[in-house]
Amino acid sequence: MDPENVNYHYCDDLPTKPLPANTRVLVTGANGYVGHRLIPELIFRGYIVRCMFRRKTMPAILVHPRIEVAYADCHDKDELRAALKDVDYAYYLIHSMRGKNKLFRERDKQAAKNFLEAAEENGIKRIIYLGGLGETNERLSSHLKSRMEVGSILSSGTIPVIRLRAAIILGTGSASYELLKSLVSHNRWIPFLTEFDSKCQPIAVRDVIKYLVGVLETDNLTTKAYHIGGKDILSYTELVKRFAKILNKNVRLFEVSWVP
């Protein structure tokens, strides 16, 4: 599939200008939801894009003369060094969700340490990391804690690291969007938990891609975290109701906080 034919042109109105021709950018998690939408934008703007996959059983879907393919597991330093060779900038879009909480968090931390070490050895100019948005407290999920730990590890070296912290990413095909769509489309009555009252700040995938490309093309950025999100701060209850209104569905929520 040619990325120029599936490009949504999210970045056509960006105020930044593409970096010089032949700039090589590594995109980890190239088969992921965000990676699939980022790569066509980078190709359209003239970059050489090296797509990194963990296994050779994960074939590249996008094909283009300026797309390179690399296979590397972040727990294999030799594979990482080869994948990062001659790369100018790198996107870190990977994280683990498998295994027990402690196990996947340790694997995520080790992967980030290995990636940082290989990036420093190869003289990478900047790492861009897409992490999670959430308050730092004891109630924070292991998933979000892991994303924050990874960001801290990547930022501990000599390479400038831009951390974009996003909450729910909404767009056709995203896990959050499809879960909401399925919940509202197939249920008239939805069980309500007290956790539904917690706040979130959803952001459209097109805006996430703009941020990812924009921080690549902005000069003189130093290591820093940026919180990105849409203008609306909603409870999950409000989000479900708003989505139902868009789909013209009549849904009702009922409380099940009494369930053990």
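A residue is taken as buried when its relative accessible area is under 20%, as exposed when over 50%, and as partly exposed in between, with a 1.4 Å probe and protein chains only. The structure is a predicted model, in which local features need pLDDT of at least 70 and side-chain atom pairs count only at pLDDT 80 or more, while totals for chains, interfaces and linings use all residues. Residues are numbered from 1 along each chain as its sequence is written, and side-chain values use heavy atoms, with hydrogens and water left out.

Ser-155 counts as buried because its relative accessibility is 17%. Ser-155 is placed in the loop between helix H4 (142–154) and strand S6 (161–166), and, its neighbours within four places in sequence aside, is in contact (heavy atoms within 4.5 Å) with Val-161, Arg-163 and Thr-223.

A search of the whole structure finds 1 cavity of 30 Å³ or more, a cavity being a set of points, on a 1 Å grid over the protein atoms alone, where a 1.4 Å probe fits but cannot get out, with lining residues having an atom within 4 Å of a point. The largest cavity holds about 60 Å³ of space, and its lining, which includes Ala-30, His-36, Cys-51 and Phe-53, receives two or more residues from each of helix H1 (33–44) and strand S2 (48–53).

The second largest pocket (an open set with protein on both sides within 12 Å along at least five of seven lines) holds about 310 Å³ of space. Of its 15 lining residues, Leu-170, Pro-202, Leu-239, Arg-242 and Ile-246 lie nearest the centre, and H7 gives the most to this lining, with 4 residues.

Technical notes:
Points joined across faces, edges and corners; volume = space filled by probe spheres on them.
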